[in-house]
Amino acid sequence: TTEEAAVNTEYAQPLQALVTDANGAPVQGATVSFAVVPGVTGAGAAFLGMGSTAVTNADGVATSPPLLANGAPGRFSATASTSGVAGVAMFPLDNHAAAMTVSTVSPTDPVATVDTTYRDRLQARIVDATGSPVEGATVTFAIAASASGAGATFVGGGTQATALTDEEGRASSPALVANRVAGTFTATAAAAGAEPLAFTLMNRAAIASTVNAGAASGSSTLAGTRFGIPLAVTVLDKDGNPVDGAVVVFRAPAKGVTGRFAIRRHTSRTARVATNARGIAVAPPFTAGDAAGGFDVIVSVRGTERGTAFALVVLPR
């Protein structure tokens, strides 16, 4: 794979070449000569220390002296050769400008349902000061849980992972798995010599699992008057997260002891209200009919079988 280093800095790894005989067995004691072939931009490097040769060890591996990038950004190569072998080993190398920038790669879907896998992985692209992609750079992806507990882990566990950029300067994280807490949280992509890139992600609550009636259940009012406590419910998913945007239907009896909701300029025995970010839906003002007695307002969540009811009483005048 391509190695990369900032201009005028040392490459992280020396070059290594394996020498084998005709049967594929490692050759110990062979002298390997390493050489740098400058690129078209003048990019190149120099070996540090004495000379640019090395002798293979018992495993047939020869390791070059450390390699120092010159001041020209761009791609170039190095070779390794040994006496008696016609071919050479080629090493692709890349000097990049010292300053680097990390940017996002679209598309990235920042939303997933709790306890499921995000559709898209975190992706980042690294370019140097000249705008050229940096190949072989290490990008560290990290996930930080929010104060509410919302967060995720990478597949296999853990909140940190690394990846190398490809020839386009792009790196992708492992897949993300949302935890069981709904809410927003952040993740970052960082590389040496660049400001970290931040991602905002959101775990969305699952479908409604419980519907809890508020304090209005059991309340009463005189016939023909408005109930004093609004009818309100809280909708939660299986993990106890409030469900935002769920459509809650409040339905009073069609006849007998009943009441009607005030909806804009008319009244109706049925009202539909979407839950807010806290999972709460509050029905419009509700007025009792003229008949006295007890009745239930049935509450259901559209798209599910979940529901509850308010037991109400109309007192005679």
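Strands here are DSSP runs of E at least two residues long, while helices are runs of H or I of at least four residues, and both are numbered from the N terminus. With that in hand, welcome to the tour.

This is a predicted model, in which local features need pLDDT of at least 70 and side-chain atom pairs count only at pLDDT 80 or more, while totals for chains, interfaces and linings use all residues. Residues are numbered from 1 along each chain as its sequence is written, and side-chain values use heavy atoms, with hydrogens and water left out.

**Stop 1: the whole protein.** Show everything as a cartoon and you will find 30 strands and 0 helices. The radius of gyration, taken over C-alpha atoms, is 34 Å, well over the 20 Å that the globule rule gives for 317 residues, so the protein is more spread out than a compact globule. That rule is 2.2 Å times the number of residues to the power 0.38.

**Stop 2: strand β8.** Select residues 74–82, which form β8, and pick out Ser77 within this strand. Is Ser77 buried or exposed? Ser77 is buried, with a relative accessible area of 15%; buried means under 20%, exposed over 50% and partly exposed in between, using a 1.4 Å probe and protein chains only. Now display the contacts of Ser77, meaning heavy atoms within 4.5 Å. Beyond neighbours within four places in sequence, they include Ala35, Val36, Met90 and Phe91.

**Stop 3: strand β4.** Move to residues 45–47, strand β4, where Ala45 sits. Ala45 is buried too, at a relative accessible area of 18%. Setting aside residues up to four places away in sequence, Ala45 touches Val36, Leu67, Leu68, Ala69, Asn70 and Phe76. For a sense of distance, select Asn203 as well: its C-alpha atom is separated from that of Ala45 by 47 Å.

**Stop 4: the cores.** A nonpolar core is a set of buried Ala, Val, Leu, Ile, Met, Phe, Trp, Tyr and Cys residues joined through side-chain atoms within 4.5 Å. The largest has 30 residues, and Leu231, Val233, Phe250, Phe261, Phe286, Val297 and Phe310 have the most contacts inside it. Which strand gives the most to this core? Select β29 (293–301): this strand supplies 4 residues, the top contribution. Then look for another core, apart from that one, with 28 residues, among them Ala112, Val139, Ala152 and Ala194.
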